[in-house]
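Me: I am new to this one and would like a close look at a single part. Please start there and then show me what surrounds it.
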Amino acid sequence: MNARLTSALLVSALIRKAESEGGTGVVLIKGDPTAGALILLFSDRGMIKAARERGLRPDGTSGWIPAGPANPGDAPALSAYLERRRKFDADIWVVELEGLGPERIEELLDAL
């Protein structure tokens, strides 16, 4: 069995990693500290560029997969998506990471 980081520790590590890269990280919704699901919003100059969450990839492996509406920059659609997710799972975390370009997303997440 592989040990998995608690949600609170993973969030802390992601924010510190973003800050070490010259960006910022903000917890928008704080979930369960041990096992809450995690949605990451990646933004640039205040515009959401991508959303990711832990899940199963098409090949069956566990990893970070796209989440939310097809256009994560559509604020009303993203807000509605997050509201639906919170109704389904009150323990969910939502974290916004600013200043990391979309090309850095997978590299950053795979480093953890």
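How many bridges join S3 to strand S4 (residues 62-66), and in which sense do the two strands run?

Reply: Five bridges join S3 to S4, and the two strands run antiparallel. This is a predicted model, where local features need pLDDT of at least 70 and side-chain atom pairs count only at pLDDT 80 or more, while totals for chains, interfaces and linings use all residues. Residues are numbered from 1 along each chain as its sequence is written, and side-chain values use heavy atoms, leaving out hydrogens and water.

Stay with S3 and S4. Leu56 stands opposite Ser62 in S4. Their hairpin has five residues between the strands. In it, Gly60 takes a positive phi near 90°. Two strands count as paired if DSSP finds at least two bridges between them.

S3 (residues 47-56) has another partner, S2. S2 and S3 pair in the antiparallel sense, over six bridges. Ile39 stands opposite Glu53 in S3. The S2 and S3 hairpin has two residues between the strands. There, Arg45 has a positive phi near 55°. In a regular strand, side chains alternate between the two faces of the sheet.

Now step back. The protein has three helices and five strands. Helices (H or I, at least four residues) and strands (E, at least two) are DSSP runs, numbered from the N terminus. Along the sequence, the pattern reads α-β-β-β-β-α-β-α.

Follow Leu38 in S2 (38-44) next. Setting aside residues up to four places away in sequence, Leu38 touches Leu10, Val11, Leu14, Arg52, Glu53, Arg54, Trp64, Ile92, Trp93 and Val95. Contact means heavy atoms within 4.5 Å. Leu38 also belongs to the largest nonpolar core, which has 14 residues. Such a core is a set of buried Ala, Val, Leu, Ile, Met, Phe, Trp, Tyr and Cys residues joined through side-chain atoms within 4.5 Å. Val11, Leu38, Leu40, Val95 and Leu97 touch the most other members. H1 (7-20), S2 and S5 (93-98) each supply at least two residues of this core. H1 gives the largest share, five residues. A second, separate core of 11 residues includes Ala51, Tyr81, Leu82 and Ile92.

H1 has 14 residues. Its buried residues are Ser7, Leu10, Val11, Leu14, Ile15 and Ala18. Seen down the axis of H1, they fall within an arc of 130°, so they line one face of the helix. The arc is that of the directions from the helix axis to the C-beta atoms. Arg16 and Ser20 are exposed on the other side of H1. Buried means under 20% relative accessible area, exposed over 50%, and partly exposed in between (1.4 Å probe, protein chains only). Gly22 follows H1 and has a positive phi, near 95°.

H2 covers residues 75-88. Leu78, Tyr81, Leu82 and Arg85 are buried there. They cover an arc of only 95° around the axis, which puts them on the same side of H2. These buried residues bring us back to the strands: they pack against S2, S3 and S5. The face of H2 turned away from its buried side carries exposed Pro76, Arg84 and Lys87.

One whole-protein figure remains. Buried residues make up 39% of the 112 residues.

Notes: Expected span 1.5 Å × (residues − 1).
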